[in-house]
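Here is a friendly tour of one protein chain, with a few spots to look at on your own screen. Keep the viewer open as you read.

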Amino acid sequence: MSAVSTPPTASPSARRDAEATKAAILRSARYLLARHAHADITLKAVAERAGVSPPLILKYFGNKDALFARVMSFEADAEALLDAPLHELGRHMVRHVLESQSERGADPLLRIAFAPLHGEQGDILRANFRAQVTERLAERLTGPDTGLRAELAVGTLLGLGVMYGIARGPHMRASMLDTLVERYAPVVQAQLTP
């Protein structure tokens, strides 16, 4: 009687490597999306920036549209951005934006600023941003004008991201993150609490 063979499973280190590779590809695509029109971005450019081959991108994501559908989603970013109790949310959101910029070189929200570059894909980016970030935040708020207050809070965070990450304000960059959080969090929190 012959033994039934089971297909080999990926080792934990191989799964971690695959996840790290996928994350590098997504970071690369986000970086390029923030600087170039969607139509001008090639899988080859994404692959070169991520340090992988274009066929590996196809293996993990299927095609360019599927890759950019993931990049244009704010779901995971919103999850992390909004992961705090309401009375601490302003502080958490400011710290999250600053740490994302300084430690990971990526902003959880800023790619929305480049939506006008992307034609129809920009419409998808806007719709995802509204549904996954501002409307989700508005659902957590109490009191009057929750939609307006959510948009104002997120707009304030976008300004912070632009000044810190794009304009690279030298005074902000020279300051400790804790100092920036202490000064900026109350501005955001003022929109979150009625």
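## Overall picture

A residue is called buried when its relative accessible area is under 20%, exposed when that value is over 50%, and partly exposed in between. With that cut-off, 39% of the 194 residues in the protein are buried. Please keep in mind that this is a predicted model.

The protein has ten helices and zero strands. Its C-alpha atoms fill a box of roughly 70 × 45 × 35 Å along the principal axes.

Which residues of helix α2 (residues 43–50) are buried? They are Leu43, Val46, Ala47 and Ala50. These residues sit on the same side of α2, because they cover an arc of only 95 degrees around the axis. An α-helix has 3.6 residues a turn, so residues three or four places apart point the same way.

Turn to the face of α2 pointing away from the buried side and you will find the exposed residues Lys44 and Glu48. Just after α2, glycine 51 adopts a positive phi of about 75 degrees.

## Salt bridges between helices

Side chains of opposite charge can pair when their charged atoms come close. Here the count comes to ten salt bridges. In one of them, aspartate 77 pairs with arginine 30, with 3.2 Å between the closest N and O atoms. Aspartate 77 belongs to helix α5 (residues 75–81) and arginine 30 to helix α1 (residues 12–33), so this pair ties together parts that are 47 residues apart in sequence. Aspartate 77 is buried, at a relative accessible area of 14%, whereas arginine 30 is partly exposed at 26%. Arg30 and Asp77 also join Arg111 in a network of salt bridges.

Arginine 136 is in helix α7, 57 residues from glutamate 79. A further salt bridge joins arginine 95 to aspartate 178, at 2.6 Å between the closest N and O atoms. This one connects helix α6 (residues 89–104) with helix α10 (residues 177–192), so parts 83 residues apart in sequence are tied together.

## Loops and a charged patch

Aspartate 145 has a positive phi near 50 degrees and lies in the loop between α7 (119–140) and α8. Its relative accessibility is 52%, so aspartate 145 counts as exposed.

Arginine 168 has a positive phi of about 50 degrees, and its place is the loop between α8 (146–166) and α9 (170–174). On the surface, Arg168 gathers with Arg35, Arg49 and Arg173 in a patch of positive charge.

Definitions and conventions. Residues are numbered from 1 along each chain as its sequence is written. This is a predicted model: local features need pLDDT of at least 70, side-chain atom pairs count only at pLDDT 80 or more; totals for chains, interfaces and linings use all residues. Side-chain values use heavy atoms; hydrogens and water are left out. Patches are made of residues with over 30% relative accessible area and no salt bridge: like charges are joined within 9 Å, nonpolar side chains (Val, Leu, Ile, Met, Phe, Trp, Tyr) within 5 Å. Accessible areas come from the Shrake-Rupley method with a 1.4 Å probe; for residues, only the protein chains shown count as cover. A salt bridge is a side-chain nitrogen of Lys or Arg within 4 Å of a carboxyl oxygen of Asp or Glu. Lys and Arg count as positive and Asp and Glu as negative; His and the chain ends are not counted. The place of a charge is taken as NZ of Lys, CZ of Arg, CG of Asp or CD of Glu. Helices (H or I, at least four residues) and strands (E, at least two) are DSSP runs, numbered from the N terminus. Buried means under 20% relative accessible area, exposed over 50%, partly exposed in between (1.4 Å probe, protein chains only). The arc is that of the directions from the helix axis to the C-beta atoms.
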